[in-house]
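Try each task yourself before you read its solution.

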Amino acid sequence: MSKDYEPIPIPDHISKGEGEMRAAAEAFRAEMGRRHTVRDFATTPVPRAVIDDCVAAAGLAPSGANHQPWHFVAISDPKIKAEIRRAAEEEEERFYAGAAGDEWLSALEPIGTGVSKPHLEDAPWLIVIFAQRYGLREDGSRFKHYYVPESTGIASGFLIAALHHAGLSCLTHTPAPMNFLRDICGRPEHEKPIMILAVGHAAADATVPQSAKKKKPLSEIMTVLSED
């Protein structure tokens, strides 16, 4: 056993009976069933403390070797949001002009997306998620990160769930390519932007595409291998 390994008792050990587990699982499933991806945001301000807590929750996600290879840039500055919108729409114009291919564009038709991205300015917050390709020691030397896409994806899921739990809506936006985000956000070369989350309260007249509510049934997304 490595001399650096130091096990400690679980700080917050949780133990629930079967009934409590069932109730908790059903309640969480129902709560996440009320999550909606929206493109229409109210201008109602969202306190930074709420964003801080949600990002902190994302930072609790498991990661390869516990290296936590992620960074979150939370933006409320209208000028920076406008700059991100301009750059994102330039990429979207190329995307919808043919870079995406007919099959991809056809798949997006039921969702109702297009070049214009007003939510990038309307939402009170944008959170840009970066994945760190490698780590840097204090002396500037590099060290390897492990399972970077998987780890950052898990943290992003934590963040989306935390935002919904706080009563907020969000929209995942992934313009391609999105290297412009590194420059706008002032992040280093070893960080790769993977997603923009537009975050805020849904507008009173917000809508969602009917097709987005069609989720695969449990029988299609789960296989059980058991002794029973």
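**Exercise 1.** Find out how far helix 6 reaches from its first C-alpha to its last.

*Solution.* Keep in mind that this model is predicted. Start with the residues: helix 6 covers 148-165, which makes 18 residues. Next, take the expected reach at 1.5 Å a residue, which is 26 Å. The helix in the model reaches 26 Å, close to that expectation. Just after helix 6, look at Gly167, which has a positive phi of about 95°.

**Exercise 2.** Name some buried residues of helix 6 and say what covers them.

*Solution.* Buried means under 20% relative accessible area. Among the buried residues of helix 6 are Val148, Ala155, Leu159, Ile160 and His164. Now look around them: the cover includes helix 1 (18-33), helix 2 (48-58) and strand 5 (169-173).

**Exercise 3.** Describe the largest pocket and its lining.

*Solution.* The space in this pocket is about 860 Å³. Of its 29 lining residues, the closest to the centre are Thr37, Arg39, Ile111, Leu171 and Thr172. Sort the lining by type: 14 nonpolar, eight polar and seven charged. Strand 5 gives the most, with four residues.

**Exercise 4.** Classify the one aromatic pair in the whole structure.

*Solution.* The partners are Phe95 and Tyr96, with 5.0 Å from centre to centre and 75° between the planes. Planes over 60 degrees apart count as edge-to-face, and that is how this pair is classed.

Technical notes: Residues are numbered from 1 along each chain as its sequence is written. This is a predicted model: local features need pLDDT of at least 70, side-chain atom pairs count only at pLDDT 80 or more; totals for chains, interfaces and linings use all residues. Side-chain values use heavy atoms; hydrogens and water are left out. Helices (H or I, at least four residues) and strands (E, at least two) are DSSP runs, numbered from the N terminus. The expected span of a helix is 1.5 Å times one less than its number of residues. Buried means under 20% relative accessible area, exposed over 50%, partly exposed in between (1.4 Å probe, protein chains only). Contact means heavy atoms within 4.5 Å. On a 1 Å grid over the protein atoms alone, a cavity is a set of points where a 1.4 Å probe fits but cannot get out, and a pocket is an open set with protein on both sides within 12 Å along at least five of seven lines; lining residues have an atom within 4 Å of a point. Grid points are joined across faces, edges and corners, and a volume is the space filled by probe spheres set on the points. Ala, Val, Leu, Ile, Met, Phe, Trp, Tyr, Cys and Pro count as nonpolar, Asp, Glu, Lys and Arg as charged, and the others, Gly among them, as polar. Rings of Phe, Tyr and Trp (its six-membered ring) pair if their centres lie within 6.5 Å; planes under 30 degrees apart count as stacked, over 60 as edge-to-face and the rest as tilted.
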